[in-house]
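Subject: Structure handover

Hello,

Here is the structure I promised to pass on. Please open it alongside this email, and my notes follow below.

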Amino acid sequence: MPPSDRRPLTLRDVSEASGVSEMTVSRVLRNRGDVSPATREKVLEAAKTLGYVPNKIAGALASQQVNLVAVIIPSVANMVFPEVLGGISRALEETELQPVVGVTDYSPDKEEKVLYEMLSWRPSGVIIAGLEHSDASRAMLAAAGIPVVEIMDTDGAPIDAAVGISHRRAGREMGKAILEAGYRKIGFMGTKLGLDHRARKRFEGFTEALAKGGVEIQDQEFYSDGSALAKGREMTEAMMIRSPDLDFLYYSNDMIGAGGLLWLTEKGYDVPDRLGCAGFNDVQLLQGLPRKLATMDSCRQEIGRRAAEIILGRLNGDDTPTGKVELTPRINPGDTLRLS
């Protein structure tokens, strides 16, 4: 039968296939009521063979919520967020909850639209990246009546709960490490800071640490398209032609940092003695490079796991606190940061 001519399967179809009443089928599929193991197995096998999927929307009309957790992130191209999603998925895999993902492309307007659509399905909870949202998005999150966990950042006041790191602190720690290693002529390369609030906060913390050491950034460059190896190579070449006396390059993320390191290696720079460099995020994909870029772990998987655990705890009635859970990233000096 062509797909367009097929009717949706119903409880009656499962009832007829398993030889038990529709009420018993409903109890089994909703995991409610006292049903013998043999009957339960018979119903589940019939449903699996038929390809029957229960209509959760119908159940949601009574319960006012479905077993979905809305996860709203700015990008799936950025390698940071798949690891966050992995942490969320692992925390939820033994439960009835399923994460459903919306992508905002770092746009506040798009975040509003994604959030509106997801909340209209009455999810059991929301995990959303960042602490900065439009007034409309904040109002929707505050009025949703479900657990809300903002992730990746703790530099601000959460609507409900937050799990992440302090990006200002991360920037300060990297700045201090660079100064302690003896570098003084520093260049910075990163994303345009208007919509990427976490990158902006790291930059602010970084420049604050340098200023306390009496050092200013000598050259800087910002870009707006994707974080890629080619972009890192391109910006590094341009900066070193402009400012050949630089002795350290700090990149806002590992991908452009790795591109820069590849260019420096090809050109024969003595790294880290003549010129040091560092990125941010400790992306595992880059472990196979000939040289390990200095970086800082942003605790991505743990952030995802802890956020999902907060949602679960609230739904289970546990005494899960509101407020912030701040994790502590660590610097990995790799092969490109002199040890002080």
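In this predicted model, 6 strands form an open sheet. Their order is S2-S1-S3-S4-S5-S11, and the pairing is parallel. Strand S2 (98-103) and strand S11 (323-326) stand at the edges. Each has a single partner strand, so one side of each is left without a neighbour in the sheet. On average, neighbouring strands of this sheet are turned by 20° against each other, direction ignored. As background, strands of a sheet pair through backbone hydrogen bonds, either parallel or antiparallel.

Start with strand S3 (residues 125-129). Is S3 buried or exposed? 5 of its 5 residues are buried, so S3 is largely enclosed by the rest of the structure. Both faces are covered. Gly125, Ile127 and Ala129 lie on one side, Val126 and Ile128 on the other. Strand S1 (residues 68-73) runs parallel to S3 and is joined to it by 4 bridges. There, valine 71 stands opposite isoleucine 127. S3 also pairs with S4 in the parallel sense, over 4 bridges. Isoleucine 127 has valine 149 as its bridge partner in S4.

Next, strand S4 (residues 148-153). It pairs with strand S5 (residues 161-165) in the parallel sense over 5 bridges. Methionine 152 has glycine 164 as its bridge partner in S5. Most residues other than glycine have a negative phi, and most peptide bonds are trans. Methionine 152 has 5% relative accessibility and the cut-off for buried is under 20%, so it counts as buried.

S6 is mostly covered, with 6 of its 6 residues buried. Which strands pair with S6? One is strand S7 (residues 217-223), parallel and over 6 bridges. Another is strand S8 (residues 248-251), parallel and over 4 bridges. Glycine 190 has phenylalanine 222 as its bridge partner in S7. Methionine 189 stands opposite tyrosine 251 in S8.

Follow the chain on from S7. Aspartate 225 lies in the loop between S7 and helix H10 (229-242). The C-alpha atoms of aspartate 225 and lysine 192 are separated by 9.1 Å. Along the chain these two residues are 33 residues apart.

A cis peptide bond joins valine 271 and proline 272, with omega at about 10°. Proline 272 lies in the loop between helix H11 (254-266) and strand S9 (276-278). Aspartate 282 lies in the loop between S9 and strand S10 (295-296). It has a positive phi of about 55° although it is not a glycine. Aspartate 282 is buried, with a relative accessible area of 12%.

What about the cysteines? The structure holds 0 disulfides. Cysteine 277 has 0% relative accessibility and counts as buried. Cysteine 299 is buried too, with a relative accessible area of 8%.

On to empty space inside the model. Rolling a probe the size of a water molecule over the atoms shows where empty space is left. How many cavities of 30 Å³ or more are there? The count comes to 1. About 50 Å³ of space lies in the largest cavity. Its lining is Asp254, Val283, Leu286, Leu289, Arg291, Lys292 and Leu293. By class, that lining has 4 nonpolar, no polar and 3 charged residues.

Last, the overall picture. The protein chain has 12 helices and 12 strands. Of its 340 residues, buried residues make up 47%. Taken along the principal axes, the C-alpha atoms fill a box of roughly 80 × 40 × 35 Å.

Best wishes

Note on methods: Residues are numbered from 1 along each chain as its sequence is written. This is a predicted model: local features need pLDDT of at least 70, side-chain atom pairs count only at pLDDT 80 or more; totals for chains, interfaces and linings use all residues. Side-chain values use heavy atoms; hydrogens and water are left out. On a 1 Å grid over the protein atoms alone, a cavity is a set of points where a 1.4 Å probe fits but cannot get out, and a pocket is an open set with protein on both sides within 12 Å along at least five of seven lines; lining residues have an atom within 4 Å of a point. Grid points are joined across faces, edges and corners, and a volume is the space filled by probe spheres set on the points. Ala, Val, Leu, Ile, Met, Phe, Trp, Tyr, Cys and Pro count as nonpolar, Asp, Glu, Lys and Arg as charged, and the others, Gly among them, as polar. A disulfide is a pair of cysteine sulfur atoms within 2.5 Å. Buried means under 20% relative accessible area, exposed over 50%, partly exposed in between (1.4 Å probe, protein chains only). Two strands pair if DSSP finds at least two bridges between them. Helices (H or I, at least four residues) and strands (E, at least two) are DSSP runs, numbered from the N terminus. Axes are lines fitted to C-alpha atoms, for helices over the stretch in contact, and angles run from 0 to 180 degrees between N-to-C directions.
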